[in-house]
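Please look at the sequence and the structure before reading on.

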Amino acid sequence: MSESSRRPRRPAKPYRRPQKDPVRVLAFEALRAVDERDAYANLVLPPLLRKARDKGDFDARDAALATELVYGTLRRQGTYDAVVAACVDRPLREVDPPVLDVLGLGVHQLLGTRIPTHAAVSATVELARVVLGDGRAKFVNAVLRKVAQDDLDGWLEKVAPPYDEDPEDHLAVVHSHPRWVVSALWDSLGGGRAGIEELLAADNERPEVTLVARPGRATTEELLREEAAVPGRWSPYAVRLAEGGEPGAVEAVREGRAGVQDEGSQLVALALANAPLDGPDEKWLDGCAGPGGKAALLGALAAERGAVLLASEKQPHRAGLVAKALHGNPGPYQVIAADGTRPPWRSGSFDRVLVDVPCTGLGALRRRPEARWRRRPEDLDTFAPLQRALLRTALDSVRVGGVVGYATCSPHLAETRAVVADVLKQHPGTDLIDARPLLSGLPELGEGPDIQLWPHLHGTDAMYLALIRRTA
């Protein structure tokens, strides 16, 4: 018998049960909901966080880390997919989606946070053992060790085509936007590399939480007494919460006297309310009122003037959200569920009309980062007929001398100026109003008469507004 054959066999390494990390498991669950159910992270994450806090699993730091992991992974998904694709030996479409979600979380920790490399890899592999099993955890480990060999800038040099060879694809990979979205935003900006780079970078920044003090119900002075609160930049009713500020902890928000509303959305409502018109100013219409932020502000402004607001929303459940937002309004109002393209009211019934039409939402990619991956160019063809029909109805609903505001949370030219131009060709008795003087103090509003707001220029969502007076 040989010496080697007499040597005792080394005992097998005992199996170690994977350690469950509540923060990373929650982040993974949120990403799976976004992927499997077409959910939005801003709707999925809060109840998950509340449940974790109620169980005692989470403190404020845990909640902040989970939020960063979810939103950071979604915002940078395009970039991280390109990096992962360079580290695997098969097309990404052949990698199971749950595995890609775990890899995305790991790559974000490696390339997008200050988490030490060894901690990012080990924590993600442990997550993979919990939610995927040991076999696929080995695959995750191998990929992440390749990713860890370079930093983000180094990887971008490898996976992004040179700008001079393919500007749009370069920007798409570096700033994590689909190529078609890069092209559309670039067209809307009017060209130039600096502007598009700044806009795409702004889309990847975490947006501030902005509150609105609803007139007659709350004041900015009241809201500014809250911890981490600072004045808004442009709207007289806006208050911003610094990072970590929780809207649900604000008493006025809990009571409905204030709300969460982007400053761009507030400015659209203010511009319509302050637009000059001829004749009485008694009846206002919000023709696409859900979920109710603009309606609540318009209702309060109307009440200050003795005017009445009708808030109309097609979907009954969204009409319920509008009613909730308007509850307690200081003046009279009415909320109805109605199709804005086939309205139950008579022509020429209103003095002011707002239609914030359904759109691709490309102006709010900071807040809904998953939308950039979910939208397709063909969605424009779906929205186009509805947007035109709603604007036509709005022009028919306003009296001669009254004003219509056409708004979208998209800067795509096919959803903004193209819609307005097409509809006004069919309505010769209309004039575009220069909306820029109504937002005095805001820089870089363009040549007018319409307004396009931008995240990188104004710190708001990319809201568009055209004001139209009916003259005949």
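This is a predicted model: local features need pLDDT of at least 70, side-chain atom pairs count only at pLDDT 80 or more; totals for chains, interfaces and linings use all residues.

How do the residues of the lining of the second largest pocket divide into nonpolar, polar and charged?

## The second largest pocket

The lining of this pocket divides into 10 nonpolar, 3 polar and 7 charged residues.

In total, 20 residues line the second largest pocket. Those nearest its centre are Asp35, Gln77, Asp81, Asp101 and Trp373.

## Ser176

Ser176 is placed in the loop between helix H10 (167–175) and helix H11 (179–189). Is Ser176 buried or exposed? Its relative accessibility is 0%, so Ser176 counts as buried.

For Gly78 a distance can be given: a polar atom of the Ser176 side chain lies 3.0 Å from the backbone nitrogen of Gly78.

## The annotated binding site

Which residues does UniProt place in the feature "binding site"? The record, an unreviewed entry, lists Cys288, Ala289, Gly290, Pro291, Gly292, Gly293, Lys294, Glu313, Asp339 and Asp356. Two of them, Ala289 and Gly293, are described here.

Ala289 lies in the loop that runs between strand E5 (283–286) and helix H16 (293–304). Ala289 counts as buried because its relative accessibility is 3%. With neighbours within four places in sequence left aside, Ala289 is in contact with Ala295, Ala311, Ser312, Glu313 and Val322. Among these contacts is Glu313, which the UniProt record also lists in the binding site. Gly293, by comparison, lies in helix H16. Its relative accessibility is 23%, so Gly293 counts as partly exposed; the cut-off for buried is under 20%.

## The cavity

How many cavities of 30 Å³ or more does the structure hold? There is 1 cavity of that size. The volume of the largest cavity is about 40 Å³.

Its lining is made up of Leu285, Gly287, Gly340, Trp345, Val355, Leu390, Thr393, Ala394 and Ser397. Helix H19 (residues 379–397) supplies the largest share of this lining, 4 residues. By class, the lining of the largest cavity has 5 nonpolar and 4 polar residues, and no charged residues. One of the lining residues, Leu285, falls in the range of strand E5 (283–286).

## The protein as a whole

The protein has 472 residues, and buried residues make up 54% of them. Its secondary structure comes to 21 helices and 12 strands. Taken along the principal axes, the C-alpha atoms fill a box of roughly 110 × 50 × 40 Å.

What share of the contacts between residues at least 6 apart in sequence joins residues at least 24 apart? For this protein the share is 73%.

Conventions. Residues are numbered from 1 along each chain as its sequence is written. Side-chain values use heavy atoms; hydrogens and water are left out. UniProt positions are given in the numbering used here, feature names are shortened, and annotations may be inferred rather than shown by experiment. Helices (H or I, at least four residues) and strands (E, at least two) are DSSP runs, numbered from the N terminus. Buried means under 20% relative accessible area, exposed over 50%, partly exposed in between (1.4 Å probe, protein chains only). Contact means heavy atoms within 4.5 Å. A polar contact is a pair of N or O atoms within 3.5 Å; within protein, one must be able to donate a hydrogen and the other to accept it, and residues adjacent in sequence count only if both atoms are side-chain atoms. On a 1 Å grid over the protein atoms alone, a cavity is a set of points where a 1.4 Å probe fits but cannot get out, and a pocket is an open set with protein on both sides within 12 Å along at least five of seven lines; lining residues have an atom within 4 Å of a point. Ala, Val, Leu, Ile, Met, Phe, Trp, Tyr, Cys and Pro count as nonpolar, Asp, Glu, Lys and Arg as charged, and the others, Gly among them, as polar. Grid points are joined across faces, edges and corners, and a volume is the space filled by probe spheres set on the points.
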